[in-house]
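Work through the exercises below with the model open. Each task is followed by a stepwise solution.

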Amino acid sequence: MDPDGLAEAYPADVNALMANSAAYAQIVGVTGRTPLMVAAAEGHVEACRCLLDLGADPERLDSAGRRAVDYAKNGLYGGNGQIVRLLV
């Protein structure tokens, strides 16, 4: 379950959604999670690249003090080294 509702707003074609909206990269949910954190947790490498290109802050902390790289390391699918390298 995604308490911020970001996953539901995350379509399969994330590039089409974000193509004209850098503001999307700056959205923060009620728990402080960002689209970059969600993409990192779910292992979406290209979405992470796109969000970073749009200005997403990889150093931003959520309400528990986690960064996107922490989500990538402990992702839903056991972590993603490619995303970790992208975020550090």
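**Exercise 1.** Characterise the contact between the side chains of E59 and R67.

*Solution.* Step 1: apply the criterion. A salt bridge needs a side-chain nitrogen of Lys or Arg within 4 Å of a carboxyl oxygen of Asp or Glu. Step 2: check the pair. E59 and R67 form a salt bridge, at 3.1 Å from N to O. Step 3: classify each partner. Buried means under 20% relative accessible area, exposed over 50%, partly exposed in between (1.4 Å probe, protein chains only). E59 has 45% relative accessibility, so E59 is partly exposed. R67 has 26%, so R67 is partly exposed too.

The model is predicted: local features need pLDDT of at least 70, side-chain atom pairs count only at pLDDT 80 or more, and totals for chains, interfaces and linings use all residues. Residues are numbered from 1 along each chain as its sequence is written, and side-chain values use heavy atoms, with hydrogens and water left out.

**Exercise 2.** Locate the salt bridge of E46 and describe its setting.

*Solution.* Step 1: identify the partner. The side chain of E46 meets that of R49, with 2.4 Å from N to O. Helices here are DSSP runs (H or I, at least four residues), strands are E runs of at least two, and numbering starts at the N terminus. Step 3: classify. E46 is partly exposed at 49%. R49 is partly exposed at 33%. Step 4: look at the rest of α3. Helix α3 spans residues 45–53, and its buried residues are V45, A47, C48, C50 and L51. Just after α3, G55 has a positive phi of about 105 degrees.

**Exercise 3.** How many salt bridges, helices and strands does the protein have?

*Solution.* Step 1: count the salt bridges. There are three. Step 2: count the elements. There are five helices and zero strands. Of the 88 residues, 40% count as buried. Step 4: check the contacts (heavy atoms within 4.5 Å). Among contacts with a separation of 6 or more, 62% join residues 24 or more positions apart.
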